[in-house]
Amino acid sequence: MAAPSFVIDVDYEQPAAGAGAACDTRHAWARVPPEPSPGERIALKERIRRLLRERNAVMVSHFYVHPDLQDLAEETGGIVSDSLEMARFGREHAAQTLVVSGVRFMGETAKILSPEKRVLMPDLDANCSLDLGCPVDEFSAFCDRHPDRTVVVYANTSAAVKARADWLVTSSCALDVVSALHAQGRKILWGPDRHLGDYIQRQTGADMVSWNGACIVHDEFKSLELELLKKAHPAAKVLVHPESPADVIALADAVGSTSAILNAAQRMDASEFIVATDTGMLHKLRTLNPGKTFIEAPTAGNGATCKSCAHCPWMAMNGLVELANALETGAGEIHVDPVLGLRARVPIDRMLAFTAGLKNGQAPGSLVAGIGAA
């Protein structure tokens with residue numbers, strides 16, 4: 001049998017009480033699941049396939065989880081995608097049980113959009129530093145200090161924070177939404193990722209105040225080390241997620257969400273890429289581009305134990321054993337207070353309607369007109 005799981009400590013940042021600028025470092029934990037043997041992997045995958053059929057269930061997996069869970073989702077009629085497509089797919093699929101391989105806010109979002117469905121996760125303790133670093137009471141007080149601003153929050157937040165927002169965005173639609181709000185003369189209160197907020201502000205010129213959170217993975221990419229890696233691979237194109245620091249973004253050939261990074265890798269005339277996002281993304285990049293080389297962007301210097309440690313410890317909590325157990329026993333079921341869910345659904349529905357309208361050629365201004373502060 002596989003070795004038992006063990007627990008690691010994880011640091012994340014949270015604004016100091018009453019400050020809004022300097023961050024305190026807080027502590028959380030993540031459970032590292034055992035790695036099954038080859039024989040166990042085969043048996044677990046077959047068990048999961050059977051349970052998905054028996055439970056009328058479908059898998060939605062994020063690009064950052066283990067390749068086994070990505071492959072299983074696609075092999076069984078589910079999807080591997082970013083959080084926007086995960087939300088849309090789960091809402092529209094006929095299955096009565098959704099199995100969300102990712103982190104807790106993704107499971108909550110699926111439940112908010114499909115309250116009549118059962119939503120399971122391999123591990124309910126799979127968190128997110130952006131979510132942990134944005135407690136609803138403190139964030140609400142921040143909003144109350146800026147009552148004239150439209151509240152736009154990133155998907156990586158709790159249901160309670162979403163319920164306090166006017167708009168929800170993912171990294172794939174944040175620029176479009178904020179650009180449209182800015183064109184309508186709206187002032188923005190943004191939360192929680194400061195790097196993504198700064199990037200959007202630079203791109204749009206919007207009047208923004210931002211919560212001071214960060215992703216523990218993307219915050220660690222280093223521009224100096226990236227420049228050295230670029231010199232070692234002069235033909236490589238650099239793909240960067242906008243949750244990264246500004247000096248890393250400045251070195252990018254393409255900046256965007258996980259889906260945008262996938263599209264750029266397929267579209268760009270290059271055979272070698274340096275990728276600054278969670279290393280879980282490399283599985284899909286390599287699968288879709290077998291003739292191309294993908295190099296992990298550096299998060300540390302030459303003296304570090306690992307040159308790139310860019311993998312979310314909570315995404316790593318999603319494993320085959322945990323997934324099979326959730327389907328078998330119902331462990332890991334997501335519950336969201338129905339009243340809170342109704343309020344949180346408002347900004348989510350606005351985001352989904354906005355992105356659908358853009359896809360259908362509607363003018364962005366018409367999609368945000370008349371929607372002000374909550």
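The model is predicted, so local features were taken only at pLDDT of at least 70 and side-chain atom pairs only at pLDDT 80 or more, while totals for chains, interfaces and linings use all residues. Residues are numbered from 1 along each chain as its sequence is written, and side-chain values use heavy atoms, with hydrogens and water left out.

We may begin with the empty space inside the protein. Rolling a probe the size of a water molecule over the atoms shows where such space is left. A cavity is here a set of points, on a 1 Å grid over the protein atoms alone, where a 1.4 Å probe fits but cannot get out, and its lining residues have an atom within 4 Å of a point. Grid points are joined across faces, edges and corners, and a volume is the space filled by probe spheres set on the points. A search of the whole structure on these terms returned two cavities of 30 Å³ or more.

The largest cavity has a volume of about 290 Å³. Its lining is made up of 28 residues, and those nearest the centre are His62, Tyr64, Asn156, Glu243 and Met315. Sorted by class, this lining holds 13 nonpolar, 12 polar and three charged residues (nonpolar: Ala, Val, Leu, Ile, Met, Phe, Trp, Tyr, Cys and Pro; charged: Asp, Glu, Lys and Arg; polar: the others, Gly among them). At least two lining residues come from each of helix H4 (104-113) and helix H5 (129-132); helices (H or I, at least four residues) and strands (E, at least two) are DSSP runs, numbered from the N terminus.

The second largest cavity has a volume of about 100 Å³. It is lined by 14 residues, with Ser83, Met86, Ala87, Met106 and Thr109 closest to its centre. Here the lining comprises 11 nonpolar and three polar residues, with no charged ones. Helix H3 (83-92) and H4 each contribute at least two of the residues. Domain 1 (45-126 + 313-332) and domain 2 (130-214 + 337-360) each provide at least three, the bounds coming from an automatic or database domain assignment.

Turning to charged pairs, the structure contains 21 salt bridges, each defined as a side-chain nitrogen of Lys or Arg within 4 Å of a carboxyl oxygen of Asp or Glu. One of them joins aspartate 123 to arginine 31, with an N to O distance of 2.8 Å. This pair links distant parts of the chain, 92 residues apart: aspartate 123 sits in the loop between strand E6 (118-120) and H5, and arginine 31 in strand E2 (residues 23-32). Aspartate 123 is buried, at 9% relative accessibility, whereas arginine 31 is partly exposed at 25% (buried is under 20% relative accessible area, exposed over 50%, and partly exposed in between, with a 1.4 Å probe and protein chains only).

A second bridge, between glutamate 54 and arginine 50, has its closest N and O atoms 3.3 Å apart. Because these two residues are four places apart in helix H1 (residues 38-54), about one helical turn separates them. Arginine 91 and glutamate 92 form another bridge, at 3.7 Å between the closest N and O atoms. Shared partners also join Arg47, Arg50, Glu54, Arg55 and Glu328 into one salt-bridge network.

Finally, serine 158 lies in the loop between strand E7 (150-154) and helix H7 (159-163). This serine is buried, at 15% relative accessibility. Apart from neighbours within four places in sequence, serine 158 contacts Glu108 and Asp131, contact meaning heavy atoms within 4.5 Å.

Note on methods. On a 1 Å grid over the protein atoms alone, a cavity is a set of points where a 1.4 Å probe fits but cannot get out, and a pocket is an open set with protein on both sides within 12 Å along at least five of seven lines; lining residues have an atom within 4 Å of a point.
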